[in-house]
Amino acid sequence: MGSVIIGTGVALPSRVVTNDDLSAIMDTSDEWIRSRTGVQQRHIADPGVGASDLAAEAVAEALRNAEMAPQDVDVLITATMTPDQYAPGIAGMVQERSGLGHIAAFDLRQQCGGYLYGLDLADALLASGKARCVVVVGAEVHSGYMPYGASWEILRGERPGPVDPVDHAAATEARGWAVLFGDGAGAAVLTTEEDPGTGFIGSVLRTDGSHADLIEVLGVGFRHQPYVDTAQLEARAHWPSMNGMELFRQAVICMPAAVREVLAETDLTIDDVSLVIAHQANDRILDAVRKQLGIDAELIPSNIARYGNTTAATLPILLHEQQAAGRIRPGSLVCFTAFGAGAHWGASLYRVPGTR
Ligand code: ACO
């Protein structure tokens with residue numbers, strides 16, 4: 001039996017913030033962001049909208065497209081690094097809001113690797129017979145991290161400038177990472193198909209905790225007593241801290257290595273792959289992965305210009321778009337790969353059901 005994707009869905013907040021909008025509230029430029037990352041704009045959730053809201057919207061669309069009812073789902077896997085609140089996770093919120101039964105529902109915390117882990121876990125549950133229909137959703141609202149203060153009102157078009165100099169300084173301090181991210185969610189519904197040669201046919205998942213400091217949020221954690229205090233906030237410990245260059249280096253080493261490994265394990269080569277759905281962190285990372293794998297640019301699509309890095313949501317959003325564009329062709333081989341904070345990374349191979 002193979003685990004197959006029978007429907008996908010996405011949720012993207014309607015508000016869009018361009019690089020020029022960011023240039024109005026911090027010391028940055030469209031040219032800098034675009035040339036270093038490929039990002040041109042990102043979708044931004046309104047205050048009060050959480051990852052669980054976007055996740056539930058994406059799940060609803062995925063179920064509609066799969067022609068499945070909420071009652072058909074017997075496991076829900078939610079991947080996010082930006083939960084609505086510290087505890088509990090978002091799985092229960094999404095289960096309840098999506099009208100799913102009292103099923104097994106749980107969060108994964110593998111950041112940009114979260115969706116890849118979710119797909120693999122869904123495949124294992126389906127293959128073992130423990131589940132018959134699994135929904136995997138990745139959702140993020142990164143906006144909560146952004147230290148824009150009253151400048152949010154300018155970004156949302158609620159008032160024109162001027163920008164408060166204190167807010168400008170804080171946003172500029174965060175510009176190295178703040179410009180990269182966007183909000184969004186994507187979901188897929190998986191079931192089983194009789195033919196064992198279809199669906200997920202191989203995967204490699206890896207973790208190296210010695211790279212946890214490549215990108216991390218040190219503050220607001222229970223090693224610290226109390227787990228949150230003003231000293232942490234003043235030290236910006238609730239902000240992500242990122243070693244951008246080393247993160248870049250590891251991502252371009254680890255993703256191609258995982259792709260090669262899973263291909264070798266399944267006795268396939270890169271020439272058998274029709275499409276690589278890779279984590280959308282940065283166009284330069286995608287280009288380096290493409291070169292290492294020796295594939296054409298059209299085989300490794302990018303949508304980062306429109307969404308920025310949506311962490312656990314990048315893979316399902318891109319999958320949904322490629323599906324809509326008719327690029328997930330029957331019988332073809334799709335490779336998923338991701339690298340994320342932790343560090344967690346890997347690759348999987350998916351044989352699309354149907355004959356070529
Ligand atoms: N606008 C203008 N200038 C900026 C900005 C900005 N948004 N951000 C940083 N700079 C400045 C820096 O202050 C620095 O100035 P200085 O030389 O005067 O000190 C200069 O630009 C160069 O900064 P670097 O950080 O060295 O820039 P680099 O060329 O390494 O590019 C980048 C930074 C784009 C973050 C790159 O390292 C990268 O892409 N890393 C991968 C990070 C990533 O993808 N993170 C996503 C999360 S994790 C994941 O998804 C895998």
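A residue is called buried when its relative accessible area is under 20%, exposed when it is over 50%, and partly exposed in between, with a 1.4 Å probe and only protein chains considered. By that scale Thr311 counts as buried, because its relative accessibility is 1%. The model is a predicted one, in which local features need a pLDDT of at least 70 and side-chain atom pairs count only at pLDDT 80 or more, while totals for chains, interfaces and linings use all residues. Residues are numbered from 1 along each chain as its sequence is written, and side-chain values use heavy atoms, with hydrogens and water left out.

**Backbone geometry**

Most residues other than glycine have a negative phi, and most peptide bonds are trans. Thr311 has a positive phi near 50°, and its place is in the loop between helix 12 (304-307) and helix 13 (314-324); helices (H or I, at least four residues) and strands (E, at least two) are DSSP runs, numbered from the N terminus. Val220 also has a positive phi, near 55°; this residue is found in the loop between strand 9 and helix 9 and is partly exposed, with a relative accessible area of 27%. The loop between strand 9 (215-216) and helix 9 holds Pro226 as well, and a cis peptide bond with omega of about -5° joins Gln225 to Pro226. Another cis peptide bond runs from Gly342 to Ala343, with omega near -10°, and Ala343 is found in the loop between strand 12 (333-340) and strand 13 (344-351).

**Salt bridges**

Side chains of opposite charge can pair when their charged atoms come close. A salt bridge is taken here as a side-chain nitrogen of Lys or Arg within 4 Å of a carboxyl oxygen of Asp or Glu, and the structure holds 13 of them.

| Salt bridge | N to O distance |
|---|---|
| Arg34 and Asp30 | 3.2 Å |
| Arg156 and Glu158 | 3.9 Å |
| Arg249 and Glu246 | 3.0 Å |

Arg34 and Asp30 both lie in helix 2 (residues 30-37), where they are four residues apart, about one turn of the helix, and Arg34 is partly exposed at a relative accessible area of 38%. Arg249 and Glu246 both belong to helix 10 (residues 244-265) and are three residues apart, again about one turn of the helix; Arg249 is partly exposed at 43% relative accessible area, and Glu246 is partly exposed at 21%. Arg156, by contrast, counts as buried, with a relative accessibility of 18%. A network of salt bridges links Asp287, Arg290 and Lys291.

**Helix 11**

Helix 11 (residues 283-293) has Ile285, Leu286, Val289, Arg290 and Leu293 as buried residues. Seen down the helix axis, these buried residues fall within an arc of 140°, so they line one face of the helix; the arc is that of the directions from the helix axis to the C-beta atoms. Helix 10 and strand 11 (275-278) are among the elements that cover the buried residues of helix 11. At the start of helix 11, a side-chain oxygen of Asn282 reaches to within 2.7 Å of the backbone nitrogen of Arg284, and just after the helix Gly294 takes a positive phi of about 70°.

Ser52, in helix 3 (residues 51-66), counts as buried at 0% relative accessibility. Its contacts (heavy atoms within 4.5 Å), leaving aside neighbours within four places in sequence, are Asp84, Ile90, Met93, Val94 and Arg97. The side chains of Ser52 and Asp84 make a polar contact of 2.5 Å, a polar contact being a pair of N or O atoms within 3.5 Å where, within protein, one must be able to donate a hydrogen and the other to accept it, and where residues adjacent in sequence count only if both atoms are side-chain atoms.

Arg159 has its place in the loop between helix 6 (151-155) and helix 7 (165-173) and counts as partly exposed at 28% relative accessibility. With neighbours within four places in sequence left aside, Arg159 is in contact with Ala150, Glu153 and Ile154. A polar contact of 2.8 Å joins the side chains of Arg159 and Glu153, and the backbone oxygen of Ala150 lies 3.3 Å from a polar atom of the Arg159 side chain.
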